[in-house]
Amino acid sequence: MLRDTYLEIDLGAIRHNLAQYRAALPSDGALMAVVKADGYGHGAFEISRTAQEEGVEWIGTALVEEAVELRQQGIRLPILVLGPFSDQSLPYFEQYQLSATLYSLDAAKRLRDFAAKQHYRQPAHLKVDTGMGRLGLNASQLREFLSEDWSPLYLEGLESHLACADQGEDEATLDQIHRFWAAQEGVDAHFMPRWLHLANSAGTTEFNQDRGNLFRIGIGMYGQMPSEQLRFPPNLRQALSFKTRVAQLQNFEAHQPLSYGGTFVTQRPSQIAVIAAGYGDGYSRLLSNQAEVLIRGQRAPVVGRVCMDLTLVDVTDLPGVALDDEVVLIGRQGEEEILASELAQMMGTINYEVCCNISKRVPRIYRN
(Lines give C-alpha, C1' and ligand atoms only; values in the text may rest on other atoms or scores of the structure.)
Protein backbone atom coordinates (compact mmCIF):
# COMPACT_ATOMS: atom_id res chain seq x y z
CA MET A 1 0.00 0.00 0.00
CA LEU A 2 1.54 3.26 -1.16
CA ARG A 3 -0.84 5.65 0.62
CA ASP A 4 -1.38 6.54 4.24
CA THR A 5 -5.08 7.06 3.48
CA TYR A 6 -7.19 3.90 3.59
CA LEU A 7 -10.40 2.25 4.66
CA GLU A 8 -10.23 -0.40 7.36
CA ILE A 9 -13.16 -2.82 7.15
CA ASP A 10 -13.89 -4.94 10.21
CA LEU A 11 -15.34 -8.21 8.92
CA GLY A 12 -15.99 -9.21 12.52
CA ALA A 13 -18.46 -6.32 12.67
CA ILE A 14 -20.14 -7.59 9.50
CA ARG A 15 -20.56 -11.03 11.11
CA HIS A 16 -21.90 -9.45 14.29
CA ASN A 17 -24.44 -7.36 12.38
CA LEU A 18 -25.63 -10.31 10.31
CA ALA A 19 -26.19 -12.23 13.55
CA GLN A 20 -28.31 -9.38 14.90
CA TYR A 21 -30.58 -9.52 11.87
CA ARG A 22 -30.66 -13.31 11.83
CA ALA A 23 -32.00 -13.21 15.39
CA ALA A 24 -34.86 -10.94 14.26
CA LEU A 25 -36.13 -13.28 11.54
CA PRO A 26 -39.16 -15.55 11.71
CA SER A 27 -38.44 -19.26 11.90
CA ASP A 28 -38.60 -19.69 8.12
CA GLY A 29 -36.72 -16.47 7.35
CA ALA A 30 -33.62 -16.20 5.16
CA LEU A 31 -31.19 -13.34 4.61
CA MET A 32 -30.11 -11.54 1.46
CA ALA A 33 -26.88 -9.56 1.79
CA VAL A 34 -27.23 -6.49 -0.44
CA VAL A 35 -23.79 -5.59 -1.82
CA LYS A 36 -24.67 -3.12 -4.58
CA ALA A 37 -22.41 -0.10 -5.17
CA ASP A 38 -19.34 -2.16 -4.23
CA GLY A 39 -20.87 -3.21 -0.95
CA TYR A 40 -21.90 0.36 -0.07
CA GLY A 41 -18.24 1.27 -0.45
CA HIS A 42 -16.97 -1.58 1.74
CA GLY A 43 -15.95 -3.96 -1.07
CA ALA A 44 -18.58 -6.24 -2.59
CA PHE A 45 -16.46 -9.36 -2.88
CA GLU A 46 -15.09 -9.40 0.66
CA ILE A 47 -18.53 -8.67 2.10
CA SER A 48 -20.15 -11.34 -0.08
CA ARG A 49 -17.52 -13.89 0.88
CA THR A 50 -18.05 -13.12 4.56
CA ALA A 51 -21.83 -13.40 4.13
CA GLN A 52 -21.39 -16.71 2.33
CA GLU A 53 -19.24 -18.02 5.20
CA GLU A 54 -21.91 -16.90 7.67
CA GLY A 55 -24.64 -18.92 5.96
CA VAL A 56 -26.49 -16.06 4.28
CA GLU A 57 -28.85 -17.50 1.69
CA TRP A 58 -28.80 -14.82 -1.05
CA ILE A 59 -26.70 -11.99 -2.45
CA GLY A 60 -28.36 -8.90 -3.96
CA THR A 61 -26.77 -6.55 -6.49
CA ALA A 62 -28.20 -3.60 -8.41
CA LEU A 63 -26.43 -4.31 -11.70
CA VAL A 64 -25.77 -7.33 -13.87
CA GLU A 65 -22.08 -6.44 -14.07
CA GLU A 66 -21.84 -6.36 -10.26
CA ALA A 67 -23.24 -9.90 -10.14
CA VAL A 68 -20.97 -11.14 -12.94
CA GLU A 69 -17.90 -9.83 -11.14
CA LEU A 70 -18.88 -11.68 -7.96
CA ARG A 71 -19.35 -14.92 -9.92
CA GLN A 72 -15.96 -14.48 -11.53
CA GLN A 73 -14.44 -14.02 -8.08
CA GLY A 74 -15.96 -17.28 -6.83
CA ILE A 75 -19.18 -16.32 -5.02
CA ARG A 76 -21.49 -19.36 -5.22
CA LEU A 77 -24.63 -18.11 -3.48
CA PRO A 78 -27.79 -17.35 -5.48
CA ILE A 79 -27.55 -13.76 -6.76
CA LEU A 80 -30.57 -11.60 -7.49
CA VAL A 81 -30.05 -8.59 -9.75
CA LEU A 82 -32.40 -6.06 -8.17
CA GLY A 83 -32.18 -3.35 -10.80
CA PRO A 84 -32.94 -2.79 -14.49
CA PHE A 85 -31.14 -4.69 -17.24
CA SER A 86 -30.41 -3.97 -20.89
CA ASP A 87 -30.78 -6.25 -23.89
CA GLN A 88 -26.99 -6.50 -24.05
CA SER A 89 -26.89 -7.98 -20.55
CA LEU A 90 -29.42 -10.76 -21.16
CA PRO A 91 -26.91 -13.53 -22.05
CA TYR A 92 -25.15 -13.05 -18.73
CA PHE A 93 -28.15 -14.22 -16.70
CA GLU A 94 -27.83 -17.72 -18.14
CA GLN A 95 -24.04 -17.79 -18.37
CA TYR A 96 -23.52 -16.79 -14.74
CA GLN A 97 -26.68 -18.33 -13.25
CA LEU A 98 -28.21 -15.08 -12.07
CA SER A 99 -31.80 -14.38 -11.06
CA ALA A 100 -33.49 -11.36 -12.62
CA THR A 101 -35.99 -8.88 -11.24
CA LEU A 102 -39.04 -8.45 -13.46
CA TYR A 103 -39.59 -4.78 -12.77
CA SER A 104 -41.86 -3.96 -15.74
CA LEU A 105 -43.94 -5.72 -18.36
CA ASP A 106 -41.46 -4.70 -21.05
CA ALA A 107 -38.50 -6.08 -19.11
CA ALA A 108 -40.36 -9.33 -18.39
CA LYS A 109 -41.21 -9.79 -22.08
CA ARG A 110 -37.66 -9.11 -23.21
CA LEU A 111 -36.27 -11.65 -20.76
CA ARG A 112 -38.98 -14.21 -21.60
CA ASP A 113 -38.37 -13.94 -25.33
CA PHE A 114 -34.63 -14.27 -24.89
CA ALA A 115 -34.97 -17.35 -22.67
CA ALA A 116 -37.37 -18.93 -25.16
CA LYS A 117 -34.95 -18.31 -28.01
CA GLN A 118 -32.09 -19.83 -26.03
CA HIS A 119 -34.24 -22.79 -24.88
CA TYR A 120 -33.68 -22.46 -21.15
CA ARG A 121 -35.74 -21.43 -18.12
CA GLN A 122 -34.65 -18.19 -16.52
CA PRO A 123 -35.20 -17.79 -12.75
CA ALA A 124 -36.82 -14.46 -11.87
CA HIS A 125 -38.47 -12.50 -9.08
CA LEU A 126 -41.54 -10.47 -9.95
CA LYS A 127 -41.54 -6.99 -8.45
CA VAL A 128 -44.82 -5.30 -7.57
CA ASP A 129 -45.09 -1.62 -6.66
CA THR A 130 -46.96 -1.40 -3.37
CA GLY A 131 -46.31 2.28 -2.70
CA MET A 132 -42.69 3.13 -3.42
CA GLY A 133 -43.59 4.54 -6.83
CA ARG A 134 -40.37 3.31 -8.35
CA LEU A 135 -39.74 -0.04 -10.09
CA GLY A 136 -42.47 -2.67 -10.14
CA LEU A 137 -45.84 -3.57 -11.62
CA ASN A 138 -48.95 -1.77 -10.41
CA ALA A 139 -52.25 -3.59 -9.92
CA SER A 140 -53.44 -3.29 -13.53
CA GLN A 141 -50.05 -4.29 -14.93
CA LEU A 142 -50.01 -7.28 -12.62
CA ARG A 143 -53.37 -8.41 -13.99
CA GLU A 144 -51.98 -8.16 -17.50
CA PHE A 145 -48.88 -10.08 -16.46
CA LEU A 146 -50.97 -12.90 -15.01
CA SER A 147 -52.95 -13.21 -18.25
CA GLU A 148 -49.90 -14.12 -20.36
CA ASP A 149 -47.74 -17.23 -20.83
CA TRP A 150 -44.42 -16.99 -18.99
CA SER A 151 -43.32 -20.61 -19.31
CA PRO A 152 -39.72 -19.72 -20.35
CA LEU A 153 -39.35 -18.08 -16.93
CA TYR A 154 -39.20 -19.78 -13.55
CA LEU A 155 -40.84 -17.37 -11.11
CA GLU A 156 -39.03 -18.20 -7.88
CA GLY A 157 -39.78 -14.95 -6.02
CA LEU A 158 -42.23 -12.11 -5.45
CA GLU A 159 -40.81 -8.85 -4.15
CA SER A 160 -41.60 -5.25 -3.31
CA HIS A 161 -39.87 -2.45 -1.42
CA LEU A 162 -40.88 -0.53 1.69
CA ALA A 163 -40.73 3.25 1.38
CA CYS A 164 -41.21 4.38 4.99
CA ALA A 165 -40.14 1.50 7.24
CA ASP A 166 -37.36 3.62 8.77
CA GLN A 167 -39.59 6.58 9.67
CA GLY A 168 -41.04 5.28 12.95
CA GLU A 169 -44.57 5.25 11.55
CA ASP A 170 -46.78 2.27 10.79
CA GLU A 171 -49.62 3.33 8.52
CA ALA A 172 -47.82 3.59 5.18
CA THR A 173 -45.77 0.45 5.79
CA LEU A 174 -48.73 -1.63 6.95
CA ASP A 175 -50.61 -0.50 3.85
CA GLN A 176 -47.73 -1.67 1.68
CA ILE A 177 -47.61 -5.02 3.46
CA HIS A 178 -51.36 -5.44 2.91
CA ARG A 179 -50.99 -4.65 -0.81
CA PHE A 180 -48.11 -7.09 -1.10
CA TRP A 181 -50.15 -9.97 0.28
CA ALA A 182 -53.08 -9.05 -1.95
CA ALA A 183 -50.74 -9.29 -4.94
CA GLN A 184 -49.32 -12.56 -3.63
CA GLU A 185 -52.77 -14.18 -3.63
CA GLY A 186 -53.13 -13.52 -7.34
CA VAL A 187 -49.59 -14.61 -8.16
CA ASP A 188 -49.88 -17.81 -6.13
CA ALA A 189 -52.79 -18.93 -8.27
CA HIS A 190 -50.35 -19.16 -11.19
CA PHE A 191 -46.79 -19.55 -9.89
CA MET A 192 -46.45 -20.29 -6.15
CA PRO A 193 -43.07 -18.47 -5.77
CA ARG A 194 -40.89 -19.80 -2.97
CA TRP A 195 -39.35 -16.48 -1.94
CA LEU A 196 -41.49 -13.57 -0.72
CA HIS A 197 -39.65 -10.38 0.20
CA LEU A 198 -40.24 -6.70 0.77
CA ALA A 199 -38.42 -5.94 4.05
CA ASN A 200 -35.19 -3.93 4.06
CA SER A 201 -32.94 -3.43 7.10
CA ALA A 202 -35.50 -1.24 8.87
CA GLY A 203 -38.47 -3.38 7.88
CA THR A 204 -36.78 -6.46 9.30
CA THR A 205 -36.53 -5.12 12.85
CA GLU A 206 -39.30 -2.50 13.03
CA PHE A 207 -42.27 -4.70 12.09
CA ASN A 208 -43.50 -8.06 13.35
CA GLN A 209 -46.22 -8.44 10.75
CA ASP A 210 -45.89 -11.26 8.23
CA ARG A 211 -43.58 -9.70 5.68
CA GLY A 212 -42.26 -12.71 3.82
CA ASN A 213 -39.47 -15.24 4.20
CA LEU A 214 -36.52 -13.41 2.62
CA PHE A 215 -35.09 -10.25 4.18
CA ARG A 216 -32.84 -7.87 2.27
CA ILE A 217 -30.19 -6.44 4.59
CA GLY A 218 -28.22 -3.53 3.15
CA ILE A 219 -27.12 -0.57 5.25
CA GLY A 220 -27.64 -2.40 8.55
CA MET A 221 -25.18 -5.14 7.61
CA TYR A 222 -22.47 -2.50 7.46
CA GLY A 223 -23.30 -1.28 10.97
CA GLN A 224 -25.09 1.88 9.90
CA MET A 225 -28.55 2.70 11.22
CA PRO A 226 -31.15 3.12 8.45
CA SER A 227 -32.32 6.28 10.23
CA GLU A 228 -32.48 7.95 13.62
CA GLN A 229 -36.23 7.29 13.81
CA LEU A 230 -35.98 3.55 14.47
CA ARG A 231 -38.07 2.47 17.45
CA PHE A 232 -36.24 -0.83 17.89
CA PRO A 233 -32.65 -0.16 16.83
CA PRO A 234 -30.54 -3.31 16.64
CA ASN A 235 -27.15 -3.54 18.32
CA LEU A 236 -24.92 -2.77 15.33
CA ARG A 237 -21.19 -2.16 15.00
CA GLN A 238 -19.90 0.26 12.35
CA ALA A 239 -17.66 -1.84 10.10
CA LEU A 240 -15.92 1.00 8.28
CA SER A 241 -13.06 3.18 9.49
CA PHE A 242 -11.70 5.92 7.22
CA LYS A 243 -8.14 6.78 8.21
CA THR A 244 -5.20 8.89 7.11
CA ARG A 245 -2.16 10.51 8.73
CA VAL A 246 -0.73 13.94 9.46
CA ALA A 247 1.35 14.90 6.42
CA GLN A 248 2.56 18.31 7.61
CA LEU A 249 2.34 20.69 10.58
CA GLN A 250 2.33 24.47 10.14
CA ASN A 251 2.25 27.32 12.65
CA PHE A 252 0.35 30.51 11.80
CA GLU A 253 -0.19 33.84 13.49
CA ALA A 254 -3.65 35.27 14.12
CA HIS A 255 -5.64 36.68 11.18
CA GLN A 256 -4.23 34.23 8.62
CA PRO A 257 -6.73 33.01 5.99
CA LEU A 258 -6.45 29.33 5.15
CA SER A 259 -7.24 27.14 2.13
CA TYR A 260 -9.19 28.06 -1.00
CA GLY A 261 -11.13 31.28 -0.73
CA GLY A 262 -9.82 32.04 2.75
CA THR A 263 -13.12 30.91 4.30
CA PHE A 264 -11.36 30.27 7.61
CA VAL A 265 -9.21 32.92 9.29
CA THR A 266 -7.18 32.10 12.40
CA GLN A 267 -8.31 34.02 15.47
CA ARG A 268 -5.15 33.20 17.47
CA PRO A 269 -1.69 31.75 16.91
CA SER A 270 -2.58 28.29 15.56
CA GLN A 271 -1.02 24.98 14.70
CA ILE A 272 -2.57 23.45 11.59
CA ALA A 273 -2.18 19.86 10.50
CA VAL A 274 -2.41 19.00 6.83
CA ILE A 275 -3.93 15.55 6.40
CA ALA A 276 -3.63 13.50 3.21
CA ALA A 277 -7.31 13.06 2.31
CA GLY A 278 -9.83 15.23 0.52
CA TYR A 279 -12.94 15.23 -1.63
CA GLY A 280 -11.10 13.19 -4.29
CA ASP A 281 -11.10 10.41 -1.71
CA GLY A 282 -14.77 10.89 -0.85
CA TYR A 283 -14.30 13.23 2.12
CA SER A 284 -16.88 15.75 0.97
CA ARG A 285 -16.19 19.43 0.41
CA LEU A 286 -19.49 20.01 2.23
CA LEU A 287 -17.62 19.15 5.45
CA SER A 288 -15.48 22.28 5.14
CA ASN A 289 -15.34 24.32 8.37
CA GLN A 290 -17.75 22.03 10.23
CA ALA A 291 -16.52 18.43 10.53
CA GLU A 292 -14.16 17.05 13.14
CA VAL A 293 -11.54 14.31 12.97
CA LEU A 294 -9.89 12.23 15.66
CA ILE A 295 -6.20 12.66 16.49
CA ARG A 296 -4.65 11.13 19.60
CA GLY A 297 -8.10 10.12 20.77
CA GLN A 298 -9.48 13.66 20.69
CA ARG A 299 -11.63 15.67 18.31
CA ALA A 300 -10.07 18.39 16.19
CA PRO A 301 -11.97 20.71 13.82
CA VAL A 302 -11.61 20.78 10.04
CA VAL A 303 -10.77 24.35 9.01
CA GLY A 304 -10.96 25.95 5.61
CA ARG A 305 -12.29 24.31 2.48
CA VAL A 306 -11.64 20.62 2.00
CA CYS A 307 -9.36 20.25 -1.03
CA MET A 308 -9.26 17.40 -3.55
CA ASP A 309 -6.35 15.59 -1.90
CA LEU A 310 -5.73 17.44 1.36
CA THR A 311 -7.64 18.84 4.34
CA LEU A 312 -6.59 21.24 7.10
CA VAL A 313 -7.23 20.51 10.77
CA ASP A 314 -6.71 22.84 13.72
CA VAL A 315 -4.64 20.97 16.32
CA THR A 316 -3.75 23.98 18.47
CA ASP A 317 -5.53 22.49 21.47
CA LEU A 318 -3.95 19.04 21.04
CA PRO A 319 -0.43 19.17 22.49
CA GLY A 320 2.10 16.73 21.12
CA VAL A 321 0.60 16.13 17.67
CA ALA A 322 3.36 14.88 15.39
CA LEU A 323 3.94 14.01 11.77
CA ASP A 324 2.49 10.62 10.78
CA ASP A 325 -0.01 10.60 13.67
CA GLU A 326 -3.09 8.57 12.76
CA VAL A 327 -6.15 10.63 11.81
CA VAL A 328 -9.62 9.07 11.86
CA LEU A 329 -12.23 10.63 9.60
CA ILE A 330 -14.87 7.96 10.26
CA GLY A 331 -14.49 5.38 12.99
CA ARG A 332 -13.22 4.98 16.52
CA GLN A 333 -10.02 6.14 18.18
CA GLY A 334 -9.72 5.66 21.91
CA GLU A 335 -13.03 6.50 23.55
CA GLU A 336 -14.20 8.77 20.73
CA GLU A 337 -16.09 7.69 17.60
CA ILE A 338 -17.24 9.49 14.48
CA LEU A 339 -20.17 7.84 12.72
CA ALA A 340 -20.91 8.15 9.03
CA SER A 341 -24.33 9.47 10.04
CA GLU A 342 -22.64 12.38 11.86
CA LEU A 343 -20.98 13.48 8.62
CA ALA A 344 -24.19 12.83 6.69
CA GLN A 345 -26.11 15.26 8.89
CA MET A 346 -23.56 18.00 8.19
CA MET A 347 -23.75 17.27 4.45
CA GLY A 348 -27.55 17.24 4.35
CA THR A 349 -27.66 13.65 3.18
CA ILE A 350 -27.73 10.08 4.56
CA ASN A 351 -25.05 7.70 5.76
CA TYR A 352 -25.63 5.50 2.69
CA GLU A 353 -24.21 8.24 0.46
CA VAL A 354 -21.28 8.97 2.77
CA CYS A 355 -20.14 5.34 2.57
CA CYS A 356 -20.85 4.87 -1.14
CA ASN A 357 -18.97 8.03 -2.10
CA ILE A 358 -15.61 6.96 -0.67
CA SER A 359 -13.39 6.78 -3.73
CA LYS A 360 -12.01 3.62 -5.29
CA ARG A 361 -8.58 5.22 -5.04
CA VAL A 362 -8.73 4.69 -1.27
CA PRO A 363 -7.32 1.19 -0.53
CA ARG A 364 -9.50 -1.19 1.50
CA ILE A 365 -7.86 -3.20 4.27
CA TYR A 366 -9.80 -6.08 5.86
CA ARG A 367 -9.51 -7.14 9.50
CA ASN A 368 -10.87 -10.15 11.41
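Analyst: Tyr-92, with a relative accessibility of 36%, counts as partly exposed, whereas Tyr-96 at 17% counts as buried; here buried means under 20% relative accessible area, exposed means over 50%, and partly exposed covers what lies in between, with a 1.4 Å probe and protein chains only. The model is predicted, so local features need pLDDT of at least 70 and side-chain atom pairs count only at pLDDT 80 or more, while totals for chains, interfaces and linings use all residues. Residues are numbered from 1 along each chain as its sequence is written, and side-chain values use heavy atoms, leaving out hydrogens and water.

Rings of Phe, Tyr and Trp (its six-membered ring) are taken to pair if their centres lie within 6.5 Å, and a pair is stacked with planes under 30 degrees apart, edge-to-face over 60, and tilted for the rest. By this rule there are nine aromatic pairs. One of them, between Tyr-40 and Tyr-352, is tilted, with 6.2 Å from centre to centre and 35° between the planes. Tyr-40 belongs to helix 2 (residues 36-40) and Tyr-352 to helix 11 (residues 351-356), so this pair ties together parts that are 312 residues apart in sequence; helices (H or I, at least four residues) and strands (E, at least two) are DSSP runs numbered from the N terminus. Tyr-40 is buried at a relative accessible area of 7%, while Tyr-352, at 25%, is partly exposed. Tyr-92 and Tyr-96 form a stacked pair, at 6.2 Å centre to centre and with 15° between the planes. Ring pairs also link Tyr-40, Tyr-222 and Tyr-352 into a cluster.

Charged groups meet rings as well, the criterion being that NZ of Lys or CZ of Arg is within 6 Å of the ring centre and within 35 degrees of the ring normal. Arg-112 lies over the face of Trp-150, 4.5 Å from the ring centre, and the charged end of Arg-231 sits over the ring of Phe-207 at 5.4 Å from its centre.

With neighbours within four places in sequence left aside, the residues in contact with Phe-242 include Thr-5, Tyr-6, Tyr-283, Val-328 and Ile-358, where contact means heavy atoms within 4.5 Å.

Strand 10 itself (residues 240-252) is joined to strand 1 (residues 6-10) by four bridges in an antiparallel arrangement, strands being paired if DSSP finds at least two bridges between them. Ile-9 has Leu-240 of strand 10 as its bridge partner. Strand 10 also pairs antiparallel with strand 17 (residues 326-333) over four bridges, with Thr-244 opposite Val-327, and antiparallel with strand 13 (residues 270-275) over six bridges, where Leu-249 stands opposite Ala-273.

Elsewhere in the chain, eight strands form an open sheet with parallel pairing, in the order 8-7-6-5-4-3-2-9. Its edges are strand 8 (195-197) and strand 9 (214-217), each of which pairs on one side only. Neighbouring strands of this sheet are turned by 30° against each other on average, direction ignored, with axes fitted as lines to C-alpha atoms, for helices over the stretch in contact, and angles running from 0 to 180 degrees between N-to-C directions. Within the sheet, strand 5 (residues 99-102) and strand 6 (residues 122-127) pair in the parallel sense over three bridges, and Leu-102 has Leu-126 as its bridge partner in strand 6. Helix 8 (residues 171-188) lies across strand 6, strand 7 (153-159) and strand 8, and runs at about 160° to strand 7.

For the chain as a whole, the secondary structure comes to eleven helices and 19 strands, and 54% of its 368 residues count as buried.
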